[in-house]
Amino acid sequence: MSTRLVLFGPPGVGKGTQAALLQQRLRLNPISSGDIFRKEIEAETDLGRMATRYIERGELVPNGVTIEMMAKRLRQDDVRQHGFVLDGFPRTVKQAEALDEILLKMDFGLTKVISIEVPDEVVLHRLAGRMGCTKCGEIYHREDKLPKREGLCDKCNGPLFVRADDQPDTIMERLRVFHETTEPVIDYYLKSGLLQRVNGTMGPEETYAQIVSDLIHVMSEVS
Ligand code: AMP
């Protein structure tokens, strides 16, 4: 039985880090809408060019193209066989409804929706100092988690970079969009009884422990 999770929360809360841990330790398949957009931008596709305009302003890419892009990814064989951990999707109630429809057509449901919760000041601090590895995606921080050698990843030696949308004005806009448009998705999932709220203010391992304590239980029930 495959596991199908949604990781939900504001930008910078650590969804990507948790998705990577779930991949390493439970062999779950991470799918990040932000990463798919960034790959489209790098490949200079029409979708990438369109998405750039929104991403660089900290706004959401319109629902229509986002849903189409994610539907395409979710229908691929690896997802059918091994399930997924969604990071960054759904971000609107419309996207949450579309996800239900896509999964229904595939005869699937979600296993759980995990909401990682932190106060805004923590998000601002984390995003303002965030650096990521261009090769393996490991995340560092200018104050809290410096790499051993400046500008280089401890794990794979890859060069580190600061995301173009991790600039102060854009960060504020992304947080505003989260509260206004994305947070209502929590109510949508509360009604379905799938929601698990976890405290994201501690380190990645503490957050991971909260996620799996509940998940192992659910996974053993369905297998
Ligand atoms: P992320 O890497 O998840 O922080 O996403 C980076 C940016 O990509 C966001 O600020 C949005 O502009 C765009 N994006 C990612 N996922 C979505 C989504 N589900 N709906 C709309 N825009 C998205």
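**A colleague's note on this predicted model**

1. Let's start with the sheet. Three strands make up an open sheet in the order β6-β5-β7, with antiparallel pairing. Two strands count as paired if DSSP finds at least two bridges between them. Helices (H or I, at least four residues) and strands (E, at least two) are DSSP runs, numbered from the N terminus. The edges belong to β6 (139–141) and β7 (160–161), each with a single partner strand, so one side of each has no neighbour in the sheet.

2. A word on where the values come from. This is a predicted model, in which local features need pLDDT of at least 70 and side-chain atom pairs count only at pLDDT 80 or more, while totals for chains, interfaces and linings use all residues. Residues are numbered from 1 along each chain as its sequence is written, and side-chain values use heavy atoms, with hydrogens and water left out.

3. Now look at β5 (residues 130–133) and its partners. Strand β5 is joined to β6 by 3 bridges and to β7 by 2 bridges. On the β6 side, Arg130 has His141 as its bridge partner. On the β7 side, Gly132 is partnered with Phe161, and Cys133 stands opposite Leu160. The hairpin of β5 and β6 has 5 residues between the strands, and Gly137 there takes a positive phi near 85°.

4. Is β5 covered on one face or both? Both faces are covered: Arg130 and Gly132 on one side, and Met131 and Cys133 on the other, are all buried. Buried means under 20% relative accessible area, exposed means over 50%, and partly exposed lies in between (1.4 Å probe, protein chains only). As a rule, side chains in a regular strand alternate between the two faces of the sheet.

5. A polar atom of the His141 side chain lies 2.9 Å from the backbone oxygen of His125. Not counting residues up to four places away in sequence, His141 touches His125, Arg126, Gly129, Arg130, Met131 and Leu146; contact means heavy atoms within 4.5 Å.

6. Helix α7 (residues 120–128) comes next. Its buried residues are Val123, Arg126 and Leu127. Seen down the axis of α7, they fall within an arc of 90°, so they line one face of the helix. The arc is that of the directions from the helix axis to the C-beta atoms. These buried residues pack against β5, β6 and α8 (168–182).

7. Which residues of helix α3 (residues 46–55) are buried? They are Gly48, Met50, Ala51 and Tyr54. Their arc around the axis is only 165°, which puts them on the same side of α3. What covers them includes α2 (33–42) and α4 (63–74).

8. Thr45 is found in the loop between α2 and α3, and is partly exposed, with a relative accessible area of 26%. The Thr45 side chain makes a polar contact with the side chain of Glu40 (2.6 Å). A polar contact is a pair of N or O atoms within 3.5 Å; within protein, one must be able to donate a hydrogen and the other to accept it, and residues adjacent in sequence count only if both atoms are side-chain atoms. A polar atom of the Thr45 side chain also lies 3.0 Å from the backbone nitrogen of Gly48.

9. The largest nonpolar core has 31 residues, and Ile31, Leu74 and Phe84 are among those with the most contacts inside it. Such a core is a set of buried Ala, Val, Leu, Ile, Met, Phe, Trp, Tyr and Cys residues joined through side-chain atoms within 4.5 Å. At least two of its residues come from each of β1 (3–8), α2, α3, α4, β3 (83–87), α6 (93–105) and α9 (184–192). Apart from this core lies another, of 20 residues, including Leu28 and Val198.

10. Finally, the ligand. Of the 16 residues around it, Ser33, Arg38, Glu59, Gly88 and Gln95 come nearest; a residue is near a molecule if one of its heavy atoms lies within 4 Å of it. A polar backbone atom of Glu59 is 2.6 Å from a ligand oxygen atom, and a backbone N or O atom of Val61 is 3.0 Å from a ligand nitrogen atom. Arg163 has a polar side-chain atom 3.1 Å from an oxygen atom of the ligand.
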